[in-house]
Number of protein chains: 2
Amino acid sequence: MLTYSFENRGGQSLYEYLYNCIKQDILSFRLTPDEKLPSKRALSKHLDISTITVEAAYGQLMAEGYIYSVPKSGFFVSHIASSEKSPAAYEEDSDTYANESGEEYFADFVKNSAANDTFPFSVWTKLMRETMSDEQKKLMVNSPSVGILELRKAVADYLYRFRGMKVSADRIIIGAGTEYLYSLIIQLLGRSKRYALEDPGYRKIYHIYRANEVDCVHVPLDENGVDVKKLEKTAADVLHISPSHHFPTGIVTPISRRYELLSWASKSPDRYIIEDDYDSEFRLLGKPIPPLQSIDVLEKVIYINTFSKSLTPTIRISYMVLPEALMKKYNETLSFYSCTVANFEQYTLASFIKKGYFEKHINRMRNLYRARRDELMQAIKSHPFYERVTITEENSGLHFLLSVDTDLSDEELIKRAKENGINVSCLSQYYFDKRNNKEHTLIINYSGADRERMKEAVERLFDAVNLMQNVK
Amino acid sequence: MLTYSFENRGGQSLYEYLYNCIKQDILSFRLTPDEKLPSKRALSKHLDISTITVEAAYGQLMAEGYIYSVPKSGFFVSHIASSEKSPAAYEEDSDTYANESGEEYFADFVKNSAANDTFPFSVWTKLMRETMSDEQKKLMVNSPSVGILELRKAVADYLYRFRGMKVSADRIIIGAGTEYLYSLIIQLLGRSKRYALEDPGYRKIYHIYRANEVDCVHVPLDENGVDVKKLEKTAADVLHISPSHHFPTGIVTPISRRYELLSWASKSPDRYIIEDDYDSEFRLLGKPIPPLQSIDVLEKVIYINTFSKSLTPTIRISYMVLPEALMKKYNETLSFYSCTVANFEQYTLASFIKKGYFEKHINRMRNLYRARRDELMQAIKSHPFYERVTITEENSGLHFLLSVDTDLSDEELIKRAKENGINVSCLSQYYFDKRNNKEHTLIINYSGADRERMKEAVERLFDAVNLMQNVK
């Protein structure tokens, strides 16, 4: 209902002030033509003023044509041709954020649109409806800080079946996205720790640590992942890695290096490894790789993963698995936090996993991605300039690397691709220490690629890359 | 599907190892009797081993009676009388968190069960279903970091109509709970700031600041809210308050003190006020109080509020309104964060507000709470020992204060009430500086009170408080 404060009305009487407020709202279209005004009684009760005051204000507005009355029905806003528009009225037309990613490309090899066009809507809606009708009582019981037990059990079961991890549900914490979970980890491990990140790597992870004002260093990778000698030199306490599938290089850290990393962690009680397993579901070929967590007998690994990647980023549900000591610390020091995911979604997801839909969805997605990749590879291989490019890491996750033989700078390369309608990124963009840069290596994320456009997309890309130039 | 890592199989052959893994899973009931095993082909493909290996392992398991085959259908787990149970199998029966708040009282005057039993399920389900069917495309577009525009507009409109705040949608940030938003505020304002909290006040807010390792002090209140002279002495930069309705005292900060607080904030560019307006919707009587934000011309106030309180705590949606400079800073430095609320819920809530359901819900709740309060007051007033208690702050929010004339300590008081089946808290529990303690003042939160039990609840409470003792 209309709400005005009468505290700052200056010398105006209550009725004058109310009249002015409503008039202002009509002129600024806060109140729209033909909108019904509250009854005099209701408004006077709401604003705690007398009905006589409201009557006087309405009378004045009527007299001046700002409102009209319909007998036995009430008061309505007139159609006013106004030249005054409040800033608020203009806002409706624009939004600073709406076009954030609004650029349209012929083909986008950057955006991780993953599951957005294949989200299992009908099943999800069905389960949501079932949850809403069957579980009303449970839905209204506050979730434990760590998340609903049903969901934690479903996740534990999933981790066992798909990742070979033996994890108890009471070691799992559910949260609204991995970004939020990182902040919990920082609170758990303490802000005085030094965190080491992979170089190259996701810049966002760095931003999160920096926004949380923790000390953050980068460790270069060799062909097997994090270089342990260099890691030692950084004097870091906590290592944040994606050993199952590193972005953007695609490196899979082999078992021997994994043990070296665990051995590094074992050397001080302060040391921990955060294993970010964000897209392990989508590895397309080869044996499933056991997570670091599953071979960690010294309880040094914090495992973290998300459904936002495997289902859709528009659902914010992630989870982490904590070592016993950290779980104890969480329960003692941080369990005052409310769980950040709504009950509705926790129960719906639990049911989605338990009933086997998640497994089906993952399989379907893998087949889809495999088909997209194969088609794209085919398009590249059949291109006349195929010999001038090198493809690596094509089985891991949703992208591969395409090294091209060109004289152009990476910046120029990206710019030219854009001009040809192709959005693409380069490995060099993910390096912090530019001395280690690898030039001329494109990252081709095919998760959102349109199969019908593949052939032309490759032609446009190869044209932009300017391979021709070098050919005589 | 069954997933095992073959990396650590020691001297065992692939088939032996697979046989042992499956056997172990059957014995530990990870695989349950009559459960269907994957086909040989599917499993061999999944594990990237030959079908012959799988066949050999299945053959061995069959020979030993762990599994059985049904012609043309496949392999199934036998019924095994096992003495070995894995720890995981036991887990199912217990949960550390399930009984967190499982104590049952005859009447609970502590729990803020607010809307849990009155959540408008059918409308919410209807809107959710509409959202899922009408907005599929929009639902799959990632939310801006600050939240979906529709929801921010709906909130802006709501704030204007109900709180008299003129706020543009691009100053609003949506997040999964106020606790999460506090952490964003800390990141925005910086960790080197000193934060001042109200004493008495919610301990949880203090815990959050401490978990984020920021410097935190308490300022005592006088009868009008935060004592500005004492605030000055703390050398705090940021003040976190609830001027519209302070918990637990119920103090409403008058306009003069509000200007004093704004004046305090104006004295340094580093100073800000966080206005936590968490249950202003439920004020039962009197003029709506204009938020500090609405009289803040110097852009010093961060306004924060939540739907978790007014709808149900099991939905995690809160929002804050930032001053221009801080919004700019957010966009520049923190907008890499993903919004923590799922699109589904953002669109559903936007529609719930826009279609007027939220307004209806609030009105309904207010009437309900008013009726509960009146009934409880009646029960107290008609009790023979009514003259030995004093009631204050009965119009603000969902609780009032009940001062009792007794010789018992507060601790003893609470204990005795519990023995009588009544859960109640005392004002003294919310003081940090115990020198300012007010003894013998009970906080009566009636939001979840059962109207039929009110009379007896009052009798039990008064009996516990031991008023009789002092009567001749």
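Which residues does Asn212(A) touch, not counting residues up to four places away in sequence? Asn212(A) touches Ser183(A), Ile186(A), Arg191(A), Gln187(B), Arg191(B) and Tyr337(B), where contact means heavy atoms within 4.5 Å. The views below come from a predicted model, in which local features need pLDDT of at least 70, side-chain atom pairs count only at pLDDT 80 or more, and totals for chains, interfaces and linings use all residues. Residues are numbered from 1 along each chain as its sequence is written, chains are lettered from A and ligands numbered from 1 in the order in which they are written, and side-chain values use heavy atoms, with hydrogens and water left out.

View 1. Asn212(A) sits in the loop between helix 9 (203-211) and strand 6 (215-222) of chain A; helices (H or I, at least four residues) and strands (E, at least two) are DSSP runs, numbered from the N terminus. Asn212(A) is buried, with a relative accessible area of 2%; buried means under 20% relative accessible area, exposed over 50%, and partly exposed in between (1.4 Å probe, protein chains only). A polar atom of the Asn212(A) side chain lies 2.9 Å from the backbone oxygen of Ile208(A).

**View 2. The interface of chain B and chain A.** The contact takes 87 residues from chain B and 88 residues from chain A. Of the interface residues of chain B, 99% are also interface residues in chain A, so the copies meet through the same surface. The two chains bury about 8,000 Å² between them, 54% of it on carbon and sulfur atoms; this is the accessible area (1.4 Å probe) lost on being put together, summed over both.

**View 3. A salt bridge between the chains.** Glu35(B) and Arg161(A) meet through their side chains in a salt bridge (3.0 Å, N to O), defined as a side-chain nitrogen of Lys or Arg within 4 Å of a carboxyl oxygen of Asp or Glu. The count between chain B and chain A is 2 salt bridges. Helix 7 of chain B gives the largest share of the side of chain B that touches chain A, 7 residues.

**View 4. Helix 7 of chain B.** Helix 7 (residues 149-163) is mostly covered, with 12 of its 15 residues buried. Among them are Leu149(B), Tyr158(B) and Arg163(B). Gly164(B), whose phi is positive, near 65 degrees, follows the helix.

Conventions: Expected span 1.5 Å × (residues − 1). Polar contact = N/O pair within 3.5 Å; in protein donor to acceptor, adjacent residues only side chain to side chain.
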